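Hi there,

Here is the structure I promised to pass on to you. Have a look at it first, and then read my notes below.

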Amino acid sequence: MEALTVKELYTLEETIARDIFEGVTYPWEVLPKISAFIVELGNTLSEDEYEKRGENIWIAKSAKVAPTAYINGPAIIGKEAEVRHCAFIRGNAIVGEGAVVGNSTELKNVILFNKVQVPHYNYVGDSILGYKSHMGAGSITSNVKSDKKLVVVKTPEGNIETGMKKFGAMLGDEVEVGCGSVLNPGSVVGRRSNIYPLSSVRGFVPANSIYKKQGEVVEKQQEGHI
């Protein structure tokens, strides 16, 4: 389904990880590759711009990292990024330029594009968040099904088998996720869509939509339309 492809969801110029998406149709295909990619990319980063701290951890010299934050490698923290008090980066994480990882937020096996914000009490695992996407306070990705079966992406054109046990959410560019929402395993949200607070999202949400609740997704009105 075209709407779920890397091309339709993401602006690849807005991530240091653009090369990982070469030859890939759907973004979740890169999840198993993130760890090795970080190590390979990290070893090419300029020592003038990035400092290597610990094993396979590269932090931009212009980034702000709170002394109480915990970062486990492999990880890359991009230029001008901010990692706040008690953030927990478990590993296999790329934090884009100008991104914000907030207090008590946990990351694991993720790519955050530039200017992503996960600023308050978020869990983001086995997920990819597009340019300028934002997760409201307390919103999380659920990355394992309760029955432990392989994750399937549900679309109007049929289900897509991923073959993955762990798969959180794919958020396109400029997605807004309301506070307290849960993105269930295999959620894919198209560019510039909004998720109402306290939502439980499953399957595919089209681009330029407002997700009010399961079964109630409306198209955004164009600016100037009355």
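**A closer look at Asn184**

A polar atom in the side chain of Asn184 lies 2.9 Å from the backbone oxygen of Val201; a polar contact is a pair of N or O atoms within 3.5 Å, where within protein one must be able to donate a hydrogen and the other to accept it, and residues adjacent in sequence count only if both atoms are side-chain atoms. This is a predicted model, in which local features need pLDDT of at least 70 and side-chain atom pairs count only at pLDDT 80 or more, while totals for chains, interfaces and linings use all residues. Residues are numbered from 1 along each chain as its sequence is written, and side-chain values use heavy atoms, leaving out hydrogens and water.

Where does Asn184 sit? Its place is the loop between strand 19 (182-183) and strand 20 (187-189); strands are DSSP runs (E, at least two residues) and helices are too (H or I, at least four), numbered from the N terminus. Asn184 is buried, because its relative accessible area is 9% and buried means under 20% (1.4 Å probe, protein chains only). Beyond its neighbours within four places in sequence, Asn184 is in contact (heavy atoms within 4.5 Å) with Ser142, Gly168, Ser200, Val201 and Arg202.

Now for the whole protein. The protein has two helices and 25 strands, and its C-alpha trace spans about 50 × 35 × 35 Å along the principal axes. Of its 226 residues, 50% are buried.

Enjoy exploring!
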